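Hi,

Here is the structure I promised to pass on. Have a look at it first, and then read on for what I found.

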Amino acid sequence: MSRPVVLIAEELSPATVEVLGSDVEVQHVDGTDRPALLEAVAEADALLVRSATKVDAEVFAAARRLTVVARAGVGLDNVDVPAATSAGAMVINAPTSNIVSAAELAVALILASLRNIGRADASMKAGKWERKALNGTELLDKTVGVVGFGRIGQLVAERLRPFGVHLLAYDPYVSQTRAAELGARVVDLPELMASADVLTVHMPRTPETIGLIGAEELALAKPSLHVVNAARGGLVDEEALYAALSEGRIAGAALDVYSAEPPSTSETAKKLLELDTVTLTPHLGASTVEAQEKAGVAVAKSVRLALAGELVPDAVNVAGGAIHKAVRPGVALADRLGQVFTALAGEAPELLEIVVRGEIARHDVTAIKLSALRGLFRSIVTEQVSYVNAPVLAEERGIRVDLVQDEASERFRNLIQVRGTLRTGDVVSVSGTLAGVEQAHKIVEIGGHDIDTPLSDHLMVLRYEDRPGLIGRYGALLGEADVNIAGMVVSRAGDTGSEALVVLNLDQSVSPELAQRVGQEIGALSCQSVDVTY
C-alpha cells in the first residue's frame with residue numbers, strides 16, 4: 001500500500017518532519033502560491049500550515065483525499081473550520097504551545113512600560129542621554145490586576161509574585177480558592193480598575209469582551225496605571241486608551257495586539273503610535289523558537305494519530321478515532337450543551353456533573369465528558385480548547401468534575417445533562433437529546449423545567465413571573481432590532497403568576513445589551529442570549 005501523503009505548505013522545524021516519521025510521504029509546496037497549493041493538495045491526505053496559507057472551501061474542494069489539516073500554532077484564522085467539517089476533514093492546532101511565551105512577553109511589557117525601556121532605547125540610538133526624562137517606577141509593592149485568570153493569566157501571576165506585588169484577579173470563571181493558591185484575590189472589575197497600578201489583560205476576544213477595558217473602566221483608574229495587552233486586539237478600547245494617555249489620566253501602556261493589525265491600518269490604533277507613553281510590539285506573543293518548535297511537534301504527533309485512525313485529542317471540530325459509534329453523535333451535542341451552560345451560569349461552577357443516561361451509558365462516554373468541558377470553556381479562555389487541555393482548564397479553576405453514567409432513562413432513549421453547582425449554592429442545568437434519523441440536537445430541560453425545543457445556533461432564555469402581555473412586549477423589542485423569532489417554547493412551574501421559563505429560537509444573534517433591555521422591559525428574573533457553534 002502507498003504511504004499517506006503529508007503536504008507541508010510552510011517552513012516547519014526539522015523536528016516536526018522527524019516526528020511525522022517514515023510511514024508517511026512528505027511533500028512540500030509554497031502555500032502562498034495558490035495554483036501550486038490547489039494542485040498539490042489534490043493528492044494529499046494531510047496538510048500542515050502555519051499562518052500564511054489560506055485553507056478555505058476552495059482548498060477542500062480541490063482536495064480529494066484530505067482527512068486532516070494541522071495549523072502549527074494556536075489560532076485558526078486562516079483555516080475555514082466549518083468548510084473543513086463539511087468536507088469531513090479534521091482540523092488540529094497546538095492550543096498550549098505558546099502559553100509560556102505569551103506570559104513571559106506580558107511580564108516583559110509590564111517592566112518595559114514601568115521603566116520606559118522602549119523610549120530609552122530609541123533615545124540612545126538617536127544619540128541622546130535622557131536619564132532624568134526617563135525616570136521609571138519600581139514594580140515592588142505595586143498592585144497588579146490580572147483580567148482573565150486562565151492558564152496564561154495564572155502563569156503571569158506566578159512570574160510576578162517574586163517581584164513582591166499585590167495581585168488582584170478578575171475572572172467570573174475562576175474559584176477564590178484557586179486564585180488564593182497563586183496569591184491573588186478575586187474582585188470585580190470596577191474594584192480592580194480603581195486599585196491597580198498595572199493592568200494586564202488575558203481574556204478571549206468575544207462579543208462580550210470586546211472593549212472590556214473602555215472609557216468607563218479607565219475613568220476609575222489611578223494616575224499611576226499602566227495598561228498591558230498581550231492577549232487579543234480589541235479587548236482594550238483603543239480610542240478610550242488614547243484619550244486617557246493623551247490627557248495624562250493614566251501613566252502608560254504596552255501593547256502587543258491591536259484591533260487592526262498592523263495598527264497603521266486603523267485610524268484609531270494609528271494614534272497610539274504618536275504617544276511616547278506607549279510601548280508597542282508587533283504581535284510577538286508566540287514568536288519564540290521554543291513556541292514554534294512545540295507547535296510543530298505537537299501537530300505532527302496529532303497528524304500521525306489522525307492518519308492511523310486513532311483518537312485525536314487536539315482536534316477542534318471532530319473528535320476522530322476510537323469512540324464507539326453509538327457514542328459519537330453525542331459528542332457534538334455535549335459540546336453545545338456545555339456552551340449553553342456557560343451562557344446560563346455566567347460563572348464557573350464549584351462542582352460540575354456530566355450525566356449520561358440511556359443506551360449510550362453502556363459504553364465508554366469519556367469523550368462526552370471531555371466534549372462538554374470543551375464547550376463550557378469555549379467562550380471563557382483565550383486559547384483553543386481541546387480534549388487535552390479542557391480537564392486541565394477545569395483543574396486550574398478549582399472545578400471538580402464528575403461523570404455520572406446511568407443506563408436507565410425514563411423519557412428518552414439517550415440523555416446528556418450538564419449540571420453545575422455555583423459558589424452561591426445555586427444549581428444550573430441543561431439537558432439534551434438526539435432526535436430522529438438525523439440525530440438532531442434538542443434541549444429537553446433547563447433548570448428543572450421540562451421543555452422540548454431544537455438546540456439552534458441562536459437562543460434567548462428568559463425566566464420571569466408569568467402574567468399576560470409579556471410575550472408581546474419582548475417580541476416587539478426583538479422585532480424592532482430586526483431579530484426574527486423562529487420558534488418558541490414556554491414551560492411554567494404552575495398556574496398563572498408562577499415562574500415561567502421561555503426559550504426562543506432566533507435567526508440572528510442577540511447582543512448582551514439587547515438581552516438586558518428585554519429583561520428590564522418585562523422585569524425578568526434573568527434574560528440571557530446564547531450563541532452556540534460546533
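Let me start with one residue. Leaving aside neighbours within four places in sequence, Ala-254 is in contact with Leu-109, Ser-113, Val-227, Val-228, Asn-229 and Thr-279, where contact means heavy atoms within 4.5 Å. Ala-254 belongs to strand E11 and counts as buried, at 0% relative accessibility. For that label, buried is under 20% relative accessible area, exposed is over 50% and partly exposed is in between, with a 1.4 Å probe and protein chains only.

Before the rest, a word on the source. This is a predicted model, so local features need pLDDT of at least 70 and side-chain atom pairs count only at pLDDT 80 or more, while totals for chains, interfaces and linings use all residues. Residues are numbered from 1 along each chain as its sequence is written, and side-chain values use heavy atoms, with hydrogens and water left out.

Now the overall picture. The protein has 18 helices and 22 strands; these are DSSP runs numbered from the N terminus, helices (H or I) with at least four residues and strands (E) with at least two. A compact globule of 534 residues would have a radius of gyration near 24 Å, and the 25 Å of the protein agrees with that. The radius is taken over C-alpha atoms, and the globule rule is 2.2 Å times the number of residues to the power 0.38. Along the principal axes, the C-alpha atoms fill a box of roughly 80 × 70 × 45 Å. Of the 534 residues, 53% count as buried. Among contacts with a separation of 6 or more, 64% are between residues 24 or more positions apart.

The axes of helix H5 (residues 99–115) and helix H7 (residues 151–160) come within 9 Å and cross at roughly 50°. Axes here are lines fitted to C-alpha atoms, for helices over the stretch in contact, and angles run from 0 to 180 degrees between N-to-C directions. H5 and H7 are therefore oblique to each other: angles under 35 degrees count as roughly parallel, over 145 as roughly antiparallel, 65 to 115 as roughly perpendicular and the rest as oblique. On the H5 side, the residues that meet H7 are Ile-99, Val-100, Ala-102, Ala-103, Glu-104, Ala-106, Val-107 and Ile-110, and their partners in H7 are Arg-151, Ile-152, Leu-155, Val-156, Arg-159 and Leu-160. The residues of this contact of H5 with H7 divide into eleven nonpolar, no polar and three charged. In that count Ala, Val, Leu, Ile, Met, Phe, Trp, Tyr, Cys and Pro are nonpolar, Asp, Glu, Lys and Arg are charged, and the others, Gly among them, are polar.

Eight of its ten residues are buried, so H7 is largely enclosed by the rest of the structure. The buried residues of H7 pack against H5, strand E6 (143–147), strand E7 (166–170), helix H8 (176–181), strand E9 (198–201) and helix H16 (389–396).

The second pair is helix H14 (residues 328–345) and helix H15 (residues 366–377), which pack at an angle of about 35° with their axes 6 Å apart. The residues of the contact of H14 with H15 divide into eight nonpolar, six polar and two charged.

A few backbone details may interest you too:

- Glu-261 and Pro-262 are joined by a cis peptide bond, with omega about -5°. Pro-262 sits in the loop between strand E11 (252–255) and helix H12 (267–270).
- His-283 is not a glycine, yet its phi is positive, near 50°. The residue lies in the loop between strand E12 (278–280) and helix H13 (289–307), and His-283 is partly exposed at 38% relative accessibility.
- Asp-482 also has a positive phi, about 65°, without being a glycine. The loop between helix H17 (470–480) and strand E20 (485–492) holds Asp-482, which is exposed with a relative accessible area of 64%.
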